[in-house]
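Subject: The structure I promised you

Hi! My notes on what turned up are just below.

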Amino acid sequence: MSQPAVKKLFSRPESLKPSMTHYCPGCGHSVAHRLVAELLDELGLREKTIGVAPVGCAVLAYNYFNFDMVEAPHGRALAVATGIKRVHPDKFVLTYQGDGDLAAIGTAETIHAANRGEKISTIFINNAIYGMTGGQMAPTTTVGLVATTTPGGRDPDRDGAPIDISQMLAVCQRTVYIERCALTSVKHIQKAKRAIKKSFLVQLNNLGFSLVELLSPCPTNWKMNPSDAWRWTESILTKTYPLGVIKDTSGLGDVR
Amino acid sequence: MLMRGAHVVGEAAVRAGCRYYFGYPITPQNELPEYLSSRLLEVGGTFIQAESEIASINMVIGASVAGGRVMTSSSSPGISLKQEGISYLCGQELPAVIVNMMRGGPGLGNIAPSQADYFQATRGGGHGDYRLLVLAPASNQELAELTFDAFELADKYRNPVMILGDGLMGQMMEPVIFRDPIDPRELPPKDYILEGCKGREPRAVFSMLLDPPTLYQHNMKLLRKYEEISAKEIRYETYQVDDAELILVAYGTASRIAKGAVNRLRREGFKVGLFRPVTLWPYPKEVLRSLAGGGVKIGVFELSVGQMVEDVIMSVGSRSEIYLQGVPGGPVPTPAHVADFAVSVLKGDGRLGRKVEI
């Protein structure tokens, strides 16, 4: 009897541990984790990767990623990563950070690591809200969005305006590649994967600092069901944070 | 070799295998990063002038978890900013050397010599149950020795070590003999560092332990480490204490002045000695306790309104009368001033210093 021809089409990447995550249904973190893990596998980087986890919803990322990881104090991931990369310039160093971590408490560490041109890849999850602490205003919260600390919705006169840190980083001379994607549909997720791949290639080619911002749904704290949250991300959040390449001086061309 | 104190720390660090320095300018310790900015280049190391003290201490975390011998330095307000990172280093059990060349406070204070950060250094200025080893050198030669030892102790116990000096010490020129340099590549391998998981299971280094019994166990493990340090790493100097009727207690720069006072008073026939703690944590409590009693008086001299005196009280208790001369804010008394204090205590005239009521 002949064996039926079986081809494995889908499996867990080796760069992910076989553990359940604590992420809510419809949250973008799981998708982003998977994209990072798939790419580390595809590029053969898992065993030379050192990741830096943030404080925020992804604080437990070291329980899900199957490579060396360290926890950073809130906002300090890129300073910690700088220390790591300077000791191990031949290793692959990435930070995985949310908007509160990267664009509020860690703004200084973010801008200065980028401006030094540290050869690090940063995955920046922008869900416009503080998730782990329960839905307070983020620096990226859009005008009108109701957070637990913005009664009636974010009012720019009272609460300040949403910050576009990716645009700010693009101004720094030593940043090489910055792109904003959304985790909202197969098309956009595939695009996000290509952007993350390019960011990884920028580091592998020793070109400098790169960052991929991922607009990511937070159904729990936006008080929406997952499908509404994904639609809101694509139709509303992108109005404040337009998708696309913000800066690319890598010379790497299109990445497939 | 005749060298400035701040340069002595830098040179000793490089000889101890330190190849990574991260810091932010603040007076009075800038000569140390300036020295290392070029010295580390010569040995293939890394010097980064960071955007803040906060960034510096977090770069230290990164370099330490990656396995490097690493140091940062600052002065009082800057050390306050590093406290979050110091707490993480302790929680994550990562070695590092932190130099504090103290200046006057609170707030911006001034840039004069001070010992006002004793509580912050020995009690932990950051959050959580933790301890730092705190070394208090009193000469350039000792700066060289203790800087070297600080890296060894940090690696041995996987805990940050603080060198507590002051602005005067950083500027002081004195001859110094250095130990032979060691090659950091020849140090024993560390089994907890992150360098990619090739050939082994991935490692995770973190301090967050959400499960209360797990964090309890972690805290108890740290406690056992601190108890071991307390048992093994006490350092101190005694000077002319055997027949002393008054023992002055002082550390660092203050102890230099106090020793001058002891020499002066001995020439005049007063039976005065000096006890100098070199480790401020762990504090040499038992030794000091053994010197107290039998009518011996204790005179604490420090460049603050009185912080180390609390450790003296815990050591001595009611065995001896304890007097304090605390001088905050930057004026540096001369040996003659301290000798006056000592004579006043010996005579019991209440003219100088104050008696500490327990």
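Chain B has a radius of gyration of 21 Å (taken over C-alpha atoms; the globule rule is 2.2 Å times the number of residues to the power 0.38). That agrees with a compact globule, because one with 358 residues would come out near 21 Å. Along the principal axes, the C-alpha atoms of chain B fill a box of roughly 70 × 50 × 35 Å.

Before you go on: this is a predicted model, where local features need pLDDT of at least 70, side-chain atom pairs count only at pLDDT 80 or more, and totals for chains, interfaces and linings use all residues. Residues are numbered from 1 along each chain as its sequence is written, while chains are lettered from A and ligands numbered from 1 in the order in which they are written.

Chain B contains twelve helices and 16 strands (DSSP runs numbered from the N terminus: H or I, at least four residues, for helices; E, at least two, for strands). Seven of the strands make an open, mixed sheet in the order β3-β2-β4-β5-β7-β6-β13 (chain B), where strands pair if DSSP finds at least two bridges between them. At its edges sit β3 (46-49) and β13 (279-281) of chain B, each pairing on one side only.

Which strand does β2 (residues 20-23) of chain B run parallel to? The partner is β3(B), joined to β2 by four bridges. In that strand, B:Phe47 stands opposite B:Tyr21.
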